[in-house]
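Dear colleague,

Here is the structure I promised to send over.

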Amino acid sequence: MVEIGKGEIMPMLEARLYNVSLFFVSIAVAFGLGTFFADKHTFLIALFIYWLFSTMYNHLRIIGQNGTLKFDYGINYSLSFGIFAGPIGLFIFETIFRFTVYFSRKNSKTADEDEFWDTFYNIGAHVLIYSIGYFSFKLAYPIFEGIPFGFWILMCILAVGTMIISYTFLSTAFYIMGEIKSVREALQFFRESNNILDLGKTAFTNGLLLLFLQEQKWEMMVSLFILNYLVSRSFHSKSQNIQNKIERDKFEQMAYTDFLTGVPNRAFMDLKMSELNQTGERIGIVVTDIDKFKRINDSYNHAVGDRVIQHFALTLKHYLSENDYLFRSGGEEFTLILRNRSFTETIDLVEKIRHGIEASSVDVEYKSDIHSVSITSSFGLYFFTMNPYTSMEKGYIYADQLLLQSKDLGKNKVTFKNELSKQTG
């Protein structure tokens with residue numbers, strides 16, 4: 001369905017004219033070229049079954065969007081009904097079905113602002129598309145009838161052909177609305193919105209329905225509709241659950257991620273510390289910050305300061321393994337949890353990080369010029385084994401106190417305490 005963006009008055013009027021034009025052209029095609037040859041009793045039974053299951057299936061359709069315009073897509077049964085009932089019967093079905101959908105959405109207050117006019121588009125476009133399918137089937141079937149699997153080959157061809165026409169109509173609507181500006185964009189929209197499995201499902205479902213219609217095997221037809229509905233309902237439910245999980249994970253990631261640096265924040269640090277308290281493993285917890293950071297903000301501005309913090313975070317992250325943790329625990333303060341190392345390996349790594357930061361620099365833009373900013377950092381390292389008396393939270397406090405000692409000793413230093421041997425430095 002097409003949803004119009006705010007303030008687009010002329011494109012809205014042009015789109016409505018396009019929708020109504022398609023509708024009246026479809027009337028001309030249906031009643032000018034079509035003939036109603038189906039038995040009325042058979043037609044009414046088929047009409048009711050198609051209307052019922054199409055209406056049931058409609059709420060399972062997938063919503064897509066191109067810019068400000070929305071559209072929905074899913075398997076469509078109009079190809080088989082159009083071939084069976086002809087353009088006039090197809091027009092009757094589409095009109096009843098589309099207005100049922102419109103009034104249902106209107107009643108549930110889920111209708112788009114321009115839903116009424118889009119209903120004319122849906123009737124007109126589908127009648128024209130599948131009337132072409134009807135005439136194509138009548139012309140081509142005698143040719144394919146003698147070929148092995150000719151009926152199914154023809155249905156696949158018709159599924160592809162009607163799908164191309166459908167996206168041509170839709171792309172034209174998007175062009176009128178200004179959402180598609182070139183043939184290249186239209187082709188990209190076409191490629192991104194289709195896959196071979198959907199086409200195969202459309203071809204074979206409509207093929208089976210057409211065969212059942214021609215033989216008036218109503219039980220088989222209803223069974224196929226029910227099967228397709230149950231499969232689609234199951235797929236829709238699983239897709240919804242996956243989407244909900246993705247959204248929950250995304251919000252959780254946002255809640256636990258520092259916006260500026262992209263590393264985990266203090267809330268995530270608290271969570272991980274609580275988890276690590278249960279492991280009883282050997283840990284090196286490090287608290288570090290940028291020396292004389294206030295001078296950077298005062299000499300430049302806070303944007304430059306933010307860029308320096310980002311550089312600091314990236315440099316710290318570069319030295320860590322996948323089992324280590326890095327958190328932004330304060331303004332320019334970061335906390336590292338170093339795991340699966342001896343004390344010697346841990347202190348060597350921290351010294352390596354300190355030298356790496358001292359040797360690096362970051363280019364920043366200030367007053368239209370590029371400046372190279374170098375920094376140093378101080379570290380406090382507390383190395384211990386988790387036990388009932390020393391938790392991760394206490395380890396963090398000890399490491400923070402050691403950081404303050406590094407500051408008092410002149411900065412750009414590592415002050416440590418190895419609780420396992422009572423060694424300090």
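D324 and R341 are both buried. Their side chains form a salt bridge, with the closest N and O atoms 2.8 Å apart. The pair links distant parts of the chain, 17 residues apart. D324 sits in the loop between α11 (302-318) and β4 (325-328). R341 sits in the loop between β5 (333-339) and α12 (343-359). Bear in mind that this is a predicted model.

A search of the whole structure gives 13 salt bridges. Two others lie within helices. R266 and D270 pair at 3.4 Å, N to O. Both belong to helix α9 (residues 266-276), 4 residues apart, about one turn. R266 is partly exposed at 34% relative accessibility, and D270 is partly exposed at 38%.

In helix α12, R354 and E358 are also 4 residues apart, about one helical turn. Their salt bridge spans 4.0 Å, N to O. R354 counts as buried, at 12% relative accessibility. E358 is partly exposed, at 37%. Elsewhere, salt bridges with shared partners join D289, D291 and K407 into one network.

**Nonpolar cores**

The largest nonpolar core has 47 residues. Y50, F81, F137, M155, F169, M221 and F225 touch the most other members. Helices supplying at least two residues each include α1 (9-33), α2 (40-58) and α8 (218-256). The largest share, 9 residues, comes from α3.

Beyond its neighbours within four places in sequence, F225 contacts I49, Y50, F53, Y77 and L209. A second, separate core holds 32 residues, among them V304, L320, F334 and F416.

Best wishes

Terms used:
Residues numbered from 1 in each chain as written. Predicted model: local features only at pLDDT ≥ 70, side-chain atom pairs only at ≥ 80, totals over all residues. Heavy atoms only, no water. Core = buried A, V, L, I, M, F, W, Y, C linked by side-chain atoms within 4.5 Å. Buried < 20%, exposed > 50% of the residue type's maximum accessible area, 1.4 Å probe, protein only. Contact = heavy atoms within 4.5 Å.
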